[in-house]
Amino acid sequence: MAGLKKISVVSILNKGMRFYTTALKSFLYQTYIDVEWIIIDNTGQNVLREKLSRYLKGTGKIKVFANERELNQAQVLQEAFSLCDGEFIAFLDLNDYWTRDKLAKQVAFMLRFMAPLSHTSYAFGDDKCNLLSIGCYHSLRELNMLNYSLKNPVSNSTIMIARDKVRLDFSRYELDNSDFDFMTFLLKQGFVSSGLSEVMTLCRPIFDKEKQNKIDMLVKQLLIENPEDKATRLRVLEHYARSALNVEGLKLDPSICIGYDVVTSLRILREYKI
């Protein structure tokens, strides 16, 4: 491992979230060697340690920390960064999953271009690690479904930070501020992501139809109330991009758009034994 830069992967479990086995597999089957996984159980109920106990034995790569009480976003992020030993920090949402070489390719990109911050592209998959055809569907001209963060390029689930280049100063923000948003925080400090479109993060969609209908109504109302606001329009487009998974009758093969390496990686993930 001499010469490799260490990567810390951060995952945070908040109340109302679930821990998915695909997140565990995503970490374990990465081709990059010098890596640690910092998992923070922010539920205040310590629900993860027992579930992951057998993976914690005999390895220092997976570390679970349980908060006695639930912290807000700024507090738990501050805690996460204090626990990381890596020169690079990546984020893995517990309802997402990664292709096998995601970390290796992303850190190579970061080193090559001395980038302080980067993000990867999205494709969509189901809970069986199968690609969904929406992965090559462009529903709106302004939005590319494979990389819908292009115009708003900081994305928490796929982000990687070079620790020595991004000084995260949380002291400017009140840590009891429940409205703290990490992506806005980074942008306000002048950190804009460099894209890395050839590396995919596969995002597992989770739908609650009743909840989704309420969200759709609120989104439509937001657009009505702010018809000329470009930022609002972009957010609405992003929402519709996510919702487009419900499009019926779409018969495209995702591999045409994203390449067989992603399909192969998903097959390995599906068959990966832990």
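This is a predicted model: local features need pLDDT of at least 70, side-chain atom pairs count only at pLDDT 80 or more; totals for chains, interfaces and linings use all residues.
Student: What share of the contacts with a separation of 6 or more is between residues 24 or more positions apart?

Tutor: Such residues account for 81% of those contacts.

Student: Let's go inside, then. Which residues have the most contacts inside the largest nonpolar core?

Tutor: That core has 30 residues, and those with the most contacts inside it are Ile7, Val9, Trp37, Leu52, Ile62, Leu103 and Met160. Several elements give it two or more residues, including strand 1 (7-13), helix 1 (21-28), strand 2 (35-41) and helix 4 (102-113). Helix 4 gives the most, with 4 residues.

Student: What does Val9 touch, leaving aside its neighbours within four places in sequence?

Tutor: Val9 is in contact with Phe27, Val35, Glu36, Trp37, Ile38, Ala90, Leu92, Trp98 and Leu103. Apart from the core we have been discussing lies another, of 23 residues, among them Phe91, Ile159, Phe170 and Leu186.

Student: Val9 belongs to strand 1. How should I read the two faces of a strand?

Tutor: In a regular strand, side chains alternate between the two faces of the sheet. For strand 1, Ile7, Val9, Ser11 and Leu13 are on one side, while Ser8, Val10 and Ile12 are on the other. Both faces are covered, with every one of these residues buried. The count is 7 of the 7 residues, so strand 1 is largely enclosed by the rest of the structure.

Student: How many bridges join strand 1 to strand 2, and do the two run parallel or antiparallel?

Tutor: There are 7 bridges, and the two strands run parallel. As one example to find on screen, Ile12 has Ile40 in strand 2 as its bridge partner.

Student: And helices: which residues point the same way?

Tutor: An α-helix has 3.6 residues a turn, so residues three or four places apart point the same way. In helix 1, the buried residues are Thr22, Ala23, Leu24, Lys25, Ser26 and Phe27. With 6 of its 8 residues buried, helix 1 is largely enclosed by the rest of the structure.

Student: Now the rings. How many aromatic pairs are there, and what is the geometry of Phe27 and Trp37?

Tutor: The count comes to 5 aromatic pairs. Phe27 and Trp37 are stacked, because their ring centres are 5.2 Å apart and their planes are at 25°, under the 30 degrees that counts as stacked. Phe27 lies in helix 1 and Trp37 in strand 2, so the pair ties together parts 10 residues apart in sequence. Both residues are buried, and together with Phe19 they form one aromatic cluster.

Student: How are the rings of Phe81 and Phe91 arranged?

Tutor: Their planes are at 80° with the centres 6.0 Å apart, so this pair is edge-to-face. Phe81 is in helix 3 (residues 73-83) and Phe91 in strand 4, so the pair links distant parts of the chain. Both Phe81 and Phe91 are buried.

Student: Which residue lies over the face of Trp98?

Tutor: Lys102 does, at 4.1 Å from the ring centre.

Key
Residues are numbered from 1 along each chain as its sequence is written. Side-chain values use heavy atoms; hydrogens and water are left out. A nonpolar core is a set of buried Ala, Val, Leu, Ile, Met, Phe, Trp, Tyr and Cys residues joined through side-chain atoms within 4.5 Å. Buried means under 20% relative accessible area, exposed over 50%, partly exposed in between (1.4 Å probe, protein chains only). Contact means heavy atoms within 4.5 Å. Rings of Phe, Tyr and Trp (its six-membered ring) pair if their centres lie within 6.5 Å; planes under 30 degrees apart count as stacked, over 60 as edge-to-face and the rest as tilted. A charge sits over a ring if NZ of Lys or CZ of Arg is within 6 Å of the ring centre and within 35 degrees of the ring normal. Two strands pair if DSSP finds at least two bridges between them.
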